[in-house]
Amino acid sequence: MRAPVVFLFLLLLLAALPLSFSSPSAAPAGIRALLQRLRNKMHSSEVQVAAARSLLLRLLPTHNSSFLFEIIPEGICGQYSCFHISNVDGANTDRAEILIRGTTAVEISSGLHWYLKYWCAAHISWDKSGGAQLGSVPQPGSLPRVAGEGVKIERPVPWNYYQNVVTSSYSYVWWDWQRWEKEIDWMALQGINLPLAFTGQEAIWKKVFQDFNVTGEHLNDFFGGPAFLAWARMGNLHGWGGPLSENWLNQQLVLQKCILSRMLELGMTPVLPSFSGNVPAVFRKIFPYARITRLGDWNTVDGNPQWCCTYLLDPKDPLFVDVGEAFIKQQIKEYGDITDIYNCDTFNENSPPTNDPTYISLLGAAVYKAMSKGDKDAVWLMQGWLFYSDAAFWKPPQMKALLHSVPIGKMIVLDLFAEVKPIWIQSSQFYGVPYVWCMLHNFGGNLEMYGVLDTISSGPNDARLSENSTMVGVGMCMEGIEHNPVVYELMSEMAFRSQNVDVKDWLKSYSYRRYGQAFPPIEAAWTILYQTIYNCTDGIADHNRDYIVEFPDLGPSLDGSLSFDVVPSTRRYPMVDKQYRFSFRETQSNLPQPHLWYSTKEVISALKLFLDAGEYLTKSATYRYDLVDLTRQVLSKLANEVYLDVRTAYQKRNVNELNFHTQKFLELIEDIDKLLASDKNFLLGTWLESAKNLATTSKEKIQHEWNARTQVTMWYDNTKTNQSKLHDYANKFWSGLLNSYYLPRASTYFSYLRKSLQENSEFPLEQWREDWISYSNNWQSARESYSTKAVGDSIVIAKALFYKYFG
């Protein structure tokens, strides 16, 4: 379908926004030298063009002959990379219509995506968030022409970084090559040229540790299980969910080589891991004179040494450099000399033993020395999370000591949470150290509609254009992916935009592209969502604590002890129109409440507008996904209110009201589960089956499934009557998980409430905890299967639920 003239004009206007490039200063000399070295490591133009061509074949095979791709010299672009889109004119072009040139295959792929978005009104997102909308792309021979001599889009900063060190566990852990290939395609289309590449490192570590007389048996207590590797790598825990099988180690190493090969073909620079000091316990025996300390407890229930308190080799010990050098060299041996950028995060959520700046400086210098001994041109990339999460420790003297422990240009910091808590401002541009402006956005892979679009649309440019800016990139550092596609599309575009984006106009273009046609109610709905859900300005870290998925572990009279940290909400649900059957209303409660930053009344109105478009968008997978997600969002907030009603009824000693509201809460869980079951992207079964599919033995299959079940529920260790401190941290609104896990938990709790009222006895908090934890542990070890196929019509179900609760 051809876009109406007004929308094509809007799309082309948005496409032209970043034509000019301006920067207050050039990249530091060390960064310029690094960029040149990295260019020298890249594949030939022929290899990169072939990689971009293969991506096109996977994405849009019908248009293979419609595009010509070329690699162009870096100097044509200006300071950094660029792509250029123009028409193909002349004979002997094999029916090609559009020429896309770029400095790398990533730039070519980004140019292809830019053209498909802003000339063809197409949309590309993750499969699990609706997938691609390519129906609006005209047939070959009819592609829209590009005005004049074409459009050149330049990067205002050299890098577009991607991934958090924990994304590998929350999202990628069960992926095979087929899924990874899709992700790398998505990365290239979004312009990501600096991705973290952490897969398979345990196989490398095993080879390295063997040279230090550590056996595979010793590593069984060192590596975590597949779903918990990220935290074992950072020294937060050891052994939990393990051990790792030889099949896993070998399989992941092969997978990593496929990942790296494709990244390199596309002109990306992978970021590889390095040594942060985390060593197996046996190191103390093998090297009795080495300076090895034990870190503190990280989130175990009772300091259980079976899982907590890992061992850290002091960076000042000569052995530290030996191990770090060996690891870098083993990676080069396995993968080749493919990068100079290595990630290392020292003391992630664990403070150094002293705040002495001299010690911290020596520590940083030793970490870098270990890298540079393995790769003389190494650059240390560090997540800046510690400067936010442990701000009380990292005062200016300590920050400067760490940041200046290596030469300027040899460290790059990820300002990990810049869209909410930017560190570059309070640290005077990281005291001169190059940094990447990053969006964290998601914690634990939670499914929650959330975002700060205004900050995303302006924050990177504000930072880049600020006085004495040392910004060298933008990045996405979410803990989990495959949700909120609007947030990630806008953030990706900021890698190419040197001017701020007018979000309201951009959203008109976005909604048109996402659903393949213009529809006024949808546009109006997105305007509301922009002003509410995607306008979180309260500075509270987003983590979905809706009562359904993170049930409060305390007694009904608020006399139980909390087992999780909750930031109390500063606002309550406003009153909605009287015609709604169940109303959100102003109430006061001492109970810690889920994060709420918007008017639910307005969001309900947006949902009504979405439903009005249903009969026109029945075949749109992107529309169905968004409708399910928005309906889920609205109902989950209603459930929060109903839960408070349950507690109020208990405190009033009103059994009838208690029964009424508990039934309503349980019914909401069942209804949301039914809604989620109608969309294949919200199914527990998919997660569990992908875990089992990577196993080669029945024992490994059981272990993988336990890992998958445990991560999204209890997460970490518990005692008989104390839930894990991290319980529900990785909660998910997935069909199957609601009915089999969250529903029984709430039902059990409510049955104890009811019994307590009827018998006029004190609520048995310990008994409830013991009962529930026993159920949870059994569920973690269970083996029943869950559906991997959708059931029901999402539009019909969403409409019925809307009128059931708000009609």
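Tutor: Two strands are taken to pair if DSSP finds at least two bridges between them. Strands (E, at least two residues) and helices (H or I, at least four residues) are DSSP runs, numbered from the N terminus. The model is predicted, so local features need pLDDT of at least 70 and side-chain atom pairs count only at pLDDT 80 or more, whereas totals for chains, interfaces and linings use all residues. Residues are numbered from 1 along each chain as its sequence is written, and side-chain values use heavy atoms, with hydrogens and water left out.

Val279 has Tyr311 of β12 as its bridge partner.

Parallel pairing is found around strand β15 (residues 411-415). Strand β14 (residues 379-383) pairs with β15 in the parallel sense over 4 bridges, and Leu381 has Ile412 of β15 as its bridge partner. β15 also pairs with β16 in the parallel sense, over 3 bridges; here Leu414 is the bridge partner of Val436 in β16. Strand β15 is mostly covered, with 5 of its 5 residues buried; buried means under 20% relative accessible area, exposed over 50% and partly exposed in between (1.4 Å probe, protein chains only). Met411, Val413 and Asp415 point one way from β15, while Ile412 and Leu414 point the other way, and all are buried.

The loops come next. Most residues other than glycine have a negative phi, and most peptide bonds are trans. His441, in the loop between β16 (435-439) and α18 (453-464), has a positive phi near 70° although it is not glycine. With a relative accessible area of 2%, His441 is buried. Asn484, also not a glycine, has a positive phi of about 45° and belongs to the loop between β17 (471-476) and α19 (485-493). Its relative accessible area is 1%, so Asn484 counts as buried. The peptide bond from Gly242 to Pro243 is cis, with omega near 0°, and Pro243 lies in the loop between α9 (229-233) and α10 (246-265).

Among the helices, α26 (residues 698-711) contains Glu705. Glu705 is buried because its relative accessibility is 0%. Apart from neighbours within four places in sequence, Glu705 is in contact (heavy atoms within 4.5 Å) with Leu688, Lys692, Ala782, Arg783 and Glu784.

For the aromatic rings, those of Phe, Tyr and Trp (its six-membered ring) pair if their centres lie within 6.5 Å; planes under 30 degrees apart count as stacked, over 60 as edge-to-face and the rest as tilted. The model has 76 aromatic pairs by this rule. Trp506 and Tyr510 form a stacked pair, because their ring centres are 5.4 Å apart and their planes are at 20°. These two residues are 4 residues apart in helix α20 (residues 503-515), so about one helical turn separates Trp506 from Tyr510. Trp506 and Tyr510 are both buried. The pair of Tyr749 and Trp768 is edge-to-face, because the ring centres are 5.0 Å apart and the planes are at 75°. Tyr749 belongs to helix α27 (residues 737-758) and Trp768 to helix α28 (residues 765-781), so this pair ties together parts that are 19 residues apart in sequence. Both Tyr749 and Trp768 are buried.

A charge sits over a ring if NZ of Lys or CZ of Arg is within 6 Å of the ring centre and within 35 degrees of the ring normal. The charged end of Arg53 sits over the ring of Phe69, 4.7 Å from the ring centre. Arg653 lies over the face of Tyr650, at 5.2 Å from the ring centre.

Finally, confidence. The protein chain averages a pLDDT (the predictor's confidence in each residue, from 0 to 100) of 91, and 92% of the residues score at least 70. Over residues 16-25 the pLDDT stays under 50, and the model has 28 contacts beyond four places in sequence for this stretch. Residues 559-588 also have a pLDDT below 50, with 90 contacts in the model beyond near neighbours in sequence.
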